[in-house]
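Thank you for making time for this today. Please take a look at the structure on the screen, and then I will walk you through a few parts of it.

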Amino acid sequence: MTEASNSAVDRRALRSGRRADGTPTRVTRRRAETRERLLGAALTVFAERGFGRAGIEEICEAAGYTRGAFYSNFDSLDELFFALYERQAALVTDQVRDALDGATPDEGLAVLLDRVVGALLIDRTWVLVRTDFMLYAARDPDTAATLIRHREALRETLQPIVTAFVDPDTMPPGLRDPESLTAAVLTIHDAAAERLLLDPDLDALRDWLRDMLTALLAPRR
């Protein structure tokens, strides 16, 4: 293996949090702060310029770093986007879990949905960036496949939460398996979020999201 190849392997290992031999590496506060500043700058730049129009130099300049700082954290803009995706997915999961903390199915669907819909902090900037990236991914099968894997990871994380409060057996035949049911919930959430691109009325969006989830999740016997 060449010196350049060794260097690339070392960088990937460092970013993964593990050395080449599999042992964990120590992530310093400074490194974590650098990564977060790059992510924050990228979100702003992507929203302003559009994914595919913004370059690494612009993101580094906005974050106050050099290209070296970028490449010590990410191999590419695609990898950076997926780091943003994972961060947003974790945020949504935490919001849902916090909203349902201590809740029980006996509270009824309306109360449970009020908890969740009221807790979701839908970020128009992220919706804009995600939508832009989806159009980019649609033209590249490998990128599309990676985006699908990230979406499936989010579904798998949310699935136990959904099925803890909704009995799949009460759903229409096509939604009686937990995967399909959770995917349908995510689809409605995404559709609601995309309304913000043209209509900034968050209260109206929450009402629409609550109505759509009620229509989907109300038990059928």
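Predicted model: local features only at pLDDT ≥ 70, side-chain atom pairs only at ≥ 80, totals over all residues.

Across the protein the mean pLDDT is 89, with 87% of the residues at 70 or more. Confidence is highest in helix 8, where the mean is 97, and lowest in helix 1, residues 3-16, where the mean is 46. Within that region, residues 3-14 have a pLDDT that stays under 50, and the model gives them nine contacts beyond four places in sequence. The stretch of residues 18-25 is also below 50, and has 12 contacts in the model beyond near neighbours in sequence.

Let me turn now to helix 2, which covers residues 29-49. This helix has 21 residues and reaches 30 Å from its first C-alpha to its last, close to the 30 Å expected at 1.5 Å a residue. Its buried residues include Arg31, Thr34, Leu38, Leu39 and Phe46. After the helix comes glycine 50, with a positive phi near 95°.

Which residues of helix 7 are buried? They are Trp126, Val127, Val129, Arg130, Asp132, Phe133 and Ala137, and what covers them includes helix 2, helix 5, helix 8 and helix 9. As background for reading such lists, an α-helix has 3.6 residues a turn, so residues three or four places apart point the same way.

Staying with aspartate 123 for a moment, its C-alpha atom is separated by 9.5 Å from that of glutamine 88, although the two residues are 35 apart along the chain. Glutamine 88 sits in helix 5, and it counts as buried because its relative accessibility is 16%, where the cut-off is under 20%.

Finally, I would like to look at a loop. Threonine 170 lies between helix 8, residues 141-165, and helix 9, residues 178-195. Is threonine 170 buried or exposed? With a relative accessible area of 4%, threonine 170 is buried, and a polar atom of its side chain lies 2.7 Å from the backbone oxygen of aspartate 167.

Note on methods: Residues numbered from 1 in each chain as written. Heavy atoms only, no water. Helix = DSSP H or I, 4+ residues; strand = E, 2+ residues; numbered from the N terminus. Buried < 20%, exposed > 50% of the residue type's maximum accessible area, 1.4 Å probe, protein only. Polar contact = N/O pair within 3.5 Å; in protein donor to acceptor, adjacent residues only side chain to side chain. pLDDT = per-residue confidence, 0-100. Contact = heavy atoms within 4.5 Å. Expected span 1.5 Å × (residues − 1).
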